[in-house]
Amino acid sequence: MSEKRIVLRNCGIIDPERITTYLDRNGFKALEKAFSELTCEQVIEEIKASGLRGRGGAGFPCGLKWDLSRNAQGDEKYVICNADEGEVGTFKDRYILEGDPFTLVEAMAIAGYAIGAKRGYIYLRTEYHYLLGLLKNAINQAKEKGFLEHFDIDTREGAGAYICGEESALMDSIEGKRGEVRYRPPFPPSRGLWGKPTIINNVETLMNIPQIIVNGAHWFSKLGTEQSKGTKVFSVSGDVKSPGVYELVLGSQLKELVEDLALAKNVKMVQVGGATGRIIPHEMMDTPLTFETILGAGAITVFDESRDVIDIVCRTMEFLAEECCGKCIPGRQGTEAMVEILKRFSRGEGRQKDIRVLEELSSAMMLSSLCGLGQAAPNPVIDSLQHFRSDYDNRIRESEGG
Amino acid sequence: MGKSKENLLILLQEAQNKSGYLSQELMVELAKSLNVSLSDVYGVATFYSFLSAKPQARNVIRICKSVPCYLKNSQMIIETVGNKIGIKPGETTPDDKFSFQLTNCIGACDKAPAMMINHEVYGDLNPNKIAKILKSYL
């Protein structure tokens, strides 16, 4: 299967610094159509009917999120674009912002119209500081052309915290606080930024909006599978010949992406979805990439046969322990305890009973953590125990024998 | 930027950019002017990895230690940089030219191994390239 460019349709084609090149590609036609032909409710109905789901990893239905926020009571409402792309192995939003900041601006203006918001924020991770000028320029040019008369967009820069990609931590960060996760409910569509109704969408989710408005929900919903409509932009890295960003129709097989496009050889396993993602062994490379199976934010890290599974899982857990915000005990202590055990395995001092502890700890963390970090942190442990159990057993045998 | 507490992070970021770190005096001053406790200010200042409560050199080198860069031998990059500037991660050179840190994924996995110096990203690193890059900061 070849690539299908919807989100990336302008990347590499327009000049990201000049709005005229975007206008030449039907730029802002969707916003014009929304304003002149559609009511706010009709815009939301269109997004609902398209089946578009959030591209940041959670896959929440986008239209429903907008609807909840449109119907929520509030004198002010906000649209936030989550450009805090921090998931390990993800760089697709960087590529999108580098190539086509205008579509994002147009999409946010449409979102503002749909939910009744007058202000939007783009929260950009500070590691992407070099893109800030490009974004501000795109906003200013759109303003000069009169496309943002009813909607203001402001940028906010992160300060180095993976957890701020989590929506409630992100809002706390915009509010000037430590980026710690909030208790929910209330959810952002009813009470979000400054306690007001707020929608938070990933860069890639928003990038789909103008095309859906222009071409219609039906056009979009024809692509993909039952539960996963449209395309997905993947970031592929690790043991591949051609690392980079690829956009495929949802439902494409992992093998097509990793072996046919990124040209990987002798694959041992693939981590799909970054640090909190799933580990897929080589035997399962025909797994389709969908919300129903595996997806996350589309980080694809490929490992060849020379790699040590336990070493990779241990490093992944060290990352999660370091980036956990510390608010809930399962997240804070659970990740630390896992690092301790996994390091023991790495040093060749793993014990049989450690496996049971890892399993128990995994289920406790999944059940009781406050946010996705703690809930999904056990994924690499559970998956590696399931698919590469012999690696753990061999390590234990070596330790006990030695 | 106005002096209300929702601007705390922005004010800290501005101070960080201006002075290279957040001094105790600055944090005390900020707490007073925003009418928040010092621990609130210190809490935010120490939460984010790009803010520093300790003095830093003019140039901060951050080498990515996350898995995609690790697969492309980031260890070699860490050693090369360490040898060239004569310090270990977490340290600052005596002449205050470089501070050296390890960081988590910087979203440059397609050009791994990668590092940042201040806000600049450098990818596809090798020892020769590192020597040239470091020289440009001297």
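Tutor: Start with one cut-off: a residue is buried when its relative accessible area is under 20%. Keep in mind that this model is predicted.

Student: Is A:Pro197 buried or exposed?

Tutor: A:Pro197 has 1% relative accessibility, so it counts as buried. The cut-off is under 20%.

Student: Where in chain A does A:Pro197 lie?

Tutor: Look at the loop between α8 (167–174) and β4 of chain A. A:Pro197 sits in that loop.

Student: Which residues is A:Pro197 in contact with, leaving aside neighbours within four places in sequence?

Tutor: Among them are A:Ser69, A:Ala72, A:Gln73, A:Gly74 and A:Tyr78. The list also includes A:Pro188, A:Pro189 and A:Ser190. Now compare sequence with space. A:Pro197 and A:Ile115 are 82 residues apart in sequence. Their C-alpha atoms are 9.2 Å apart in space.

Student: How many residues of α8(A) are buried?

Tutor: Take helices in general first. An α-helix has 3.6 residues a turn, so residues three or four places apart point the same way. Now the case here. α8(A) is mostly covered, with seven of its eight residues buried. They are A:Ser168, A:Ala169, A:Leu170, A:Met171, A:Asp172, A:Ser173 and A:Ile174.

Student: What do the buried residues of α8(A) pack against?

Tutor: They pack against β1, β2, β3 and β4 of chain A. α1 (8–19) of chain B joins those strands as a packing partner. Then look just past the helix. A:Gly176 follows α8(A), and its phi is positive, near 90 degrees.

Student: How do I read the sheet? In what order do its four strands come?

Tutor: Read across the sheet, strand by strand. The order is β3-β2-β1-β4 in chain A. The sheet is open, and the pairing is parallel. Its edge strands are β3 (152–157) and β4 (198–202), each pairing on one side only. Neighbouring strands are turned by 20 degrees against each other on average, direction ignored.

Student: How many bridges join β1 and β2 of chain A?

Tutor: Six bridges, in the parallel sense. Strand β1 covers residues 78–83, and strand β2 covers residues 119–124. Take one bridge as an example: A:Tyr78 has A:Arg119 in β2(A) as its partner.

Helix α9 (residues 203–215) of chain A touches β1 and β4. The direction of α9 makes about 95 degrees with that of β4(A).

Student: Which residues have the most contacts inside the largest nonpolar core?

Tutor: Look for A:Trp66 and A:Leu104. That core has 130 residues. Helix α6 (residues 101–115) of chain A gives the largest share, eleven residues.

Student: What does A:Trp66 touch?

Tutor: Skip residues up to four places away in sequence. The remaining partners of A:Trp66 include A:Val43, A:Ile44, A:Ala111, A:Ile115, A:Ile199 and A:Leu206. There is also a second, separate core of 22 residues. A:Phe234, A:Val240, A:Val270 and A:Met285 are among its members.

Student: Now the whole chain. How many helices and strands are there in chain A?

Tutor: Count 17 helices and nine strands.

Key:
Residues are numbered from 1 along each chain as its sequence is written. Chains are lettered from A and ligands numbered from 1 in the order in which they are written. This is a predicted model: local features need pLDDT of at least 70, side-chain atom pairs count only at pLDDT 80 or more; totals for chains, interfaces and linings use all residues. Side-chain values use heavy atoms; hydrogens and water are left out. Two strands pair if DSSP finds at least two bridges between them. Helices (H or I, at least four residues) and strands (E, at least two) are DSSP runs, numbered from the N terminus. Axes are lines fitted to C-alpha atoms, for helices over the stretch in contact, and angles run from 0 to 180 degrees between N-to-C directions. Contact means heavy atoms within 4.5 Å. A nonpolar core is a set of buried Ala, Val, Leu, Ile, Met, Phe, Trp, Tyr and Cys residues joined through side-chain atoms within 4.5 Å. Buried means under 20% relative accessible area, exposed over 50%, partly exposed in between (1.4 Å probe, protein chains only).
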